[in-house]
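Have the structure open and follow along.

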Amino acid sequence: MNASVQFLSPSEAARRLGVSAKALRLYEQRGLVAPLRTGAGWRAYGPDEMARAGEIAALRALGLSLAQVARVLAGQPEDLESALAAHQATLEGQVRQLTGAVGKVRALRADLARGQPPARGELARLLEPAAQAVVAFDLPWPWGGERFELRVARRLNYITGPLGSGKTRLAQRIGETLPGAAFLDLERGADGGAAARARLDADAALKARIDQVLAWLVDDGAQLSDALVALLVGLEADGPAALVVDLVEQGLDQATQEALIAHLRRGGAGGRTLFLLTRSCAILDLAAVGPDETIILCPANHSPPTEVAPRPGAPGYEAVATCLASPRVRARTEGVIAWRPHVA
């Protein structure tokens, strides 16, 4: 290797690209990028490999599957049109939001010039994130009735905790309280997902959408199954503005979980707000949690649920890492619950 050229390890390359090391390995496995090897056999990424991986990451961010990415990189750009059209629509929506915000600021400045201060709460509303949603309720049993407040519902929200911590009860209450939300429970997989398949048979538009998502996921390594179809029907069907999903990993192997969360990060499920109840480290990969994602931990001692920052050393980080398990371990404990008597 040329000593004057900077070569990066996979972890450093992933950090600079804004993707996970797992994603880089998947790109390599699919033949999309070929990292160099050091004399000791370690993978290394030079300028050419970083440029290639950057293109792949950008195409993935636009919503393309790995098979579509491969075609685009091979000089077949047909798949880009719909992805760019969707991205344009998103950007135009952001422009409209910014234009509205600029108009509010201009009006406030005009009021100030006339000696009129802002009304109470007006500045706070101006600075609120566009996607802010407030959820507040008294926590159910097994908590002691403490108040729970969620001030911002981000694009992806993970609810996790050890067995018996109350995370399912918390998820159900969020589904009941969050405006426009619905709770997607484990009954979605009953009878091999029969209800979901009946819904697909009755809705041609939904079936076409699910078939497209399934094609993307299978391209990314997912295994087609009744559990996956039933989950996708719940996620992709028109309806609620937000979804709270009970044990999103139920019945899905590791490759499928990784493909699914990558799809959701790219804006799958119609871009709606999602609360994913999970104990799988494939779904909640702490190294891959982005700025538009939130981790909510239900502690084992039934302290009130708290938001946990995805960085080592942050309060609650170790507790989250401890309660997560690999898909193989999760499969062995599927259906196991912790029971404690309800003391009145």
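## Surface and ground rules

Accessible areas here come from the Shrake-Rupley method with a 1.4 Å probe, and for residues only the protein chains shown count as cover. On that basis the protein exposes about 18,300 Å², with carbon and sulfur atoms supplying 54% of it.

Bear in mind that this is a predicted model: local features need pLDDT of at least 70, side-chain atom pairs count only at pLDDT 80 or more, and totals for chains, interfaces and linings use all residues. Residues are numbered from 1 along each chain as its sequence is written, and side-chain values use heavy atoms, with hydrogens and water left out.

## Overall build

You'll find 13 helices and ten strands (DSSP runs numbered from the N terminus: H or I of at least four residues for helices, E of at least two for strands). The radius of gyration is 23 Å, close to the 20 Å that the globule rule gives for 344 residues, so the protein is as compact as a globular protein of that length. That radius is taken over C-alpha atoms, and the rule is 2.2 Å times the number of residues to the power 0.38.

Of the 344 residues, 39% count as buried. Buried means under 20% relative accessible area, exposed over 50%, and partly exposed in between (1.4 Å probe, protein chains only).

## The cores

A nonpolar core is a set of buried Ala, Val, Leu, Ile, Met, Phe, Trp, Tyr and Cys residues joined through side-chain atoms within 4.5 Å. The largest one has 42 residues, and Tyr158, Leu232, Leu235, Leu264 and Leu276 touch the most other members. Helix α10 (residues 226-236) gives the most to this core, with seven residues. Apart from it lies another core, of 21 residues, among them Ala53, Leu64, Leu66 and Val72.

Zoom in on Leu232: leaving aside residues up to four places away in sequence, its contacts (heavy atoms within 4.5 Å) are Ile210, Val213, Leu214, Leu217, Ala237 and Leu260.

Most residues other than glycine have a negative phi, and most peptide bonds are trans. The bond from Trp141 to Pro142, though, is cis, with omega near 20°; Pro142 lies in the loop between β3 (135-138) and β4 (147-150).

Asp191 isn't a glycine, yet has a positive phi of about 55°. Look for Asp191 in the loop between β6 (181-184) and α8 (194-202), where it counts as exposed at 72% relative accessibility. His302 also isn't a glycine and has a positive phi, of about 65°. His302 sits in the loop between β9 (293-297) and β10 (306-308), and at 12% relative accessibility His302 counts as buried.
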